[in-house]
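Below is a short briefing for a reader new to this structure.

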Amino acid sequence: MVACPRQCGCRGPVTTVITPMTVQSEYDPPTGPLSVLHRDPSFVIVDKPAGLLSVPGRGPHLADCLIARVAQDFPDTLLVHRLDRDTSGIMVFALTRAAQKTLGQQFERKRTRKTYVARVAGQVQGDSGQVDLPLIVDWPNRPRHMVCHDTGKPAQTDWRVIARDAGETRMELTPRTGRTHQLRLHMMALGHPILGDPFYATGRDADYDRMMLHSATLGFEHPETGEPVTFQSAAPF
């Protein structure tokens, strides 16, 4: 724990790793058919590939994104939530305004059920635990974020070891909050960055063809019936 070296107004201790700023590679999204896992009149579930933006970025070179591809098949597509560009896995898009409102409220009120699978660097000690560290944008180095105990927003992640291999650990991660880069920062703060992370992994830990983080399970209450539904996607790594 050290004093905050950033310009965030933080007066308290932070957990930080001093590394050079990582520059993300030129945007080259994957091609291939849209992977639709489920569709009904109120929403559609799709499997996002790593390397594809959830929504358009700034500029025409960042126009290709998952919501645009989904809208080609489902013109009424509406955004509910996002995944980081380098994260793969399950996303839900609403197909009606009513469903968008209901699903959006469930995400906002933390009533959804989400689990992720990750491969992280090193051998994680223990079989389960929780990271409870507040997060804030790292303004001089945005879009990076960082831990800040003074002005950061609360963030909690439950973790469980699935398997251990030479030099790495396979983890199940369950976010209790939905902060930007939460899982990535919490694993780095634990001392085990996610392999292939272009922002928070360094050296050999960053030298992978994708970030090893996948949204594996998403559950929520059906926006029309109120019944609980759960969708799963196996990690492609």
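**Thr217 and its surroundings**

The side chains of Thr217 and Thr115 make a polar contact at 3.0 Å (a pair of N or O atoms within 3.5 Å; within protein, one must be able to donate a hydrogen and the other to accept it, and residues adjacent in sequence count only if both atoms are side-chain atoms). The model is predicted: local features need pLDDT of at least 70, side-chain atom pairs count only at pLDDT 80 or more, and totals for chains, interfaces and linings use all residues. Residues are numbered from 1 along each chain as its sequence is written, and side-chain values use heavy atoms, with hydrogens and water left out.

- Thr217 is found in strand E12 (strands, E, are DSSP runs of at least two residues, and helices, H or I, of at least four, numbered from the N terminus).
- Thr217 counts as buried because its relative accessibility is 18% (buried is under 20% relative accessible area, exposed over 50%, partly exposed in between; 1.4 Å probe, protein chains only).

**Strand E5**

- Seven of the seven residues of strand E5 (residues 88-94) are buried.
- E5 pairs with strand E4 (residues 43-48) in the antiparallel sense over six bridges, and with strand E12 (residues 213-221) in the parallel sense over two bridges (strands pair if DSSP finds at least two bridges between them).

**Salt bridges**

- The count comes to nine salt bridges (a side-chain nitrogen of Lys or Arg within 4 Å of a carboxyl oxygen of Asp or Glu).
- One of them joins Glu172 and Arg160 (3.3 Å, N to O).
- Glu172 lies in strand E11 and Arg160 in strand E10, so this pair ties together parts twelve residues apart in sequence.
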